[in-house]
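Keep the sequence and the 3D view open while you read.

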Amino acid sequence: MISRTCRFRAGPGQLPNRAAPTSETPHGDFLLPSLCAMAILHYLEFIIGRLLYLFRGHDSGQIINCLAFKELPEANMTLESPEAGPSGSKLPLHCTCKAKDGRGCLPELRWTAPNSGEDVEEYVLLCEDLDPPIPFTIITHGLFWAIPASTTKAEAADTQPDEHAKISRLTVAGWRFVPNLRGTPYTGAGAPLGHGKHRYVFTVIALNESLKFKDPEKASKKDIKRAMTGKVIGWGQWTGVFEKPWPN
């Protein structure tokens, strides 16, 4: 049986990929073939997501397992998200790909300074998806550094790029950032349809020395991990969860 949602008639002089109202749809209540194609794409995404379901749990690749954390294997800072709830809570929809802009934003985060006996010079803040359907892969949704020591919270507005961000890699808050796969400072959770729940781990890192690079606007995540070695005096994590719902 052909579903009525994918059925259309072409009138004289019309291209076959254009839908026109018929006697069965007197009020023009019909769907264009493009919507049928979109539905097919959703089903394909779902099927692929299910097939790749077991590819997840790449925890060993998160930043806290790099050499810079060798001397501090346990968290000694508290990181919270007042708007989302305790660690392990669902991310608000406006922080995901289901946001109105289709990208999402950073959830509100707050943290406490570490009890390390050393002064904090700057913070690093990042978000990592530990469950992408790609073997041995972590997806970084946002990585910010050169965050002033006086800062103890982060909001979506802080992560917006400044007007020269493509060159400077600076946010409006004056933080440095490493572009994500979209080339932006931050992008919200976007687990593939059918792949189940993804964990988005936010990590704040306290450093006793500022990171310095010859070309800071070109610094990569790998560069930052290497440069943090010997400087980490504190870190904490908060995890948000997101499972992509079936489109309406």
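Start with strand β4, residues 122–129, which is joined to β5 by seven bridges and runs antiparallel to it. This is a predicted model. The points below move from that pairing to the sheet, the pocket, single residues and the whole protein.

**Strand β5 and its partners**

- Strand β5 covers residues 139–148.
- Is β5 enclosed or open to the outside? Seven of its 10 residues are buried, so β5 is largely enclosed by the rest of the structure.
- β5 also pairs with β7. That pairing is antiparallel and has three bridges.
- Trp145 has its bridge partner in β7, and the partner is Arg176.

**The open sheet**

- β4 and β5 belong to an open sheet of six strands.
- Which order do the strands follow across the sheet? The order is β2-β9-β8-β4-β5-β7, with mixed pairing.
- The edges are β2, residues 89–90, and β7, residues 176–178. Each of these edge strands pairs on one side only.
- In a regular strand, side chains alternate between the two faces of the sheet.

**Strand β9 and its partners**

- β9 runs from residue 232 to residue 242. Of its 11 residues, 10 are buried, and the strand is mostly covered.
- How many bridges join β8 to β9? There are 10, and the two strands run antiparallel.
- Ile205 is bridged to Trp235 in β9.
- β2 and β9 run parallel and are joined by two bridges.
- Lys90 has Val241 of β9 as its bridge partner.

**The largest pocket**

- Rolling a probe the size of a water molecule over the atoms shows where empty space is left.
- The largest pocket has a volume of about 270 Å³.
- It is lined by 20 residues. Closest to the centre are Ile139, His141, Thr187, Gly188 and Gly190.
- Which strand gives the largest share of the lining? It is β5, with three residues.
- Both β5 and β8, residues 198–207, supply at least two lining residues each.
- By residue type, the lining has nine nonpolar, eight polar and three charged residues.

- Ala146 has a phi near 60°, a positive value in a residue other than glycine.
- Ala146 sits in strand β5.
- Its relative accessibility is 24%, so Ala146 counts as partly exposed.
- Arg169 is not a glycine either, yet its phi is positive, at about 55°.
- Where is Arg169 placed? It lies in the loop between α2, residues 165–168, and β7.
- Is Arg169 buried or exposed? It counts as buried because its relative accessibility is 19%, and buried means under 20%.

- Glu74 is found in the loop between α1, residues 33–51, and β1, residues 79–80.
- Why does Glu74 count as exposed? Its relative accessibility is 59%, and exposed means over 50%.
- Glu74 and Gly234 are 160 residues apart in sequence. Their C-alpha atoms are 8.9 Å apart in space.

**The protein as a whole**

- The protein has three helices and nine strands.
- From the N terminus, the elements follow the pattern α-β-β-β-β-β-β-α-β-β-α-β.
- The protein has 248 residues, and 42% of them are buried.
- What share of the contacts with a separation of 6 or more joins residues 24 or more positions apart? That share is 74%.

Definitions and conventions:
Residues are numbered from 1 along each chain as its sequence is written. This is a predicted model: local features need pLDDT of at least 70, side-chain atom pairs count only at pLDDT 80 or more; totals for chains, interfaces and linings use all residues. Side-chain values use heavy atoms; hydrogens and water are left out. On a 1 Å grid over the protein atoms alone, a cavity is a set of points where a 1.4 Å probe fits but cannot get out, and a pocket is an open set with protein on both sides within 12 Å along at least five of seven lines; lining residues have an atom within 4 Å of a point. Grid points are joined across faces, edges and corners, and a volume is the space filled by probe spheres set on the points. Helices (H or I, at least four residues) and strands (E, at least two) are DSSP runs, numbered from the N terminus. Ala, Val, Leu, Ile, Met, Phe, Trp, Tyr, Cys and Pro count as nonpolar, Asp, Glu, Lys and Arg as charged, and the others, Gly among them, as polar. Buried means under 20% relative accessible area, exposed over 50%, partly exposed in between (1.4 Å probe, protein chains only). Contact means heavy atoms within 4.5 Å. Two strands pair if DSSP finds at least two bridges between them.
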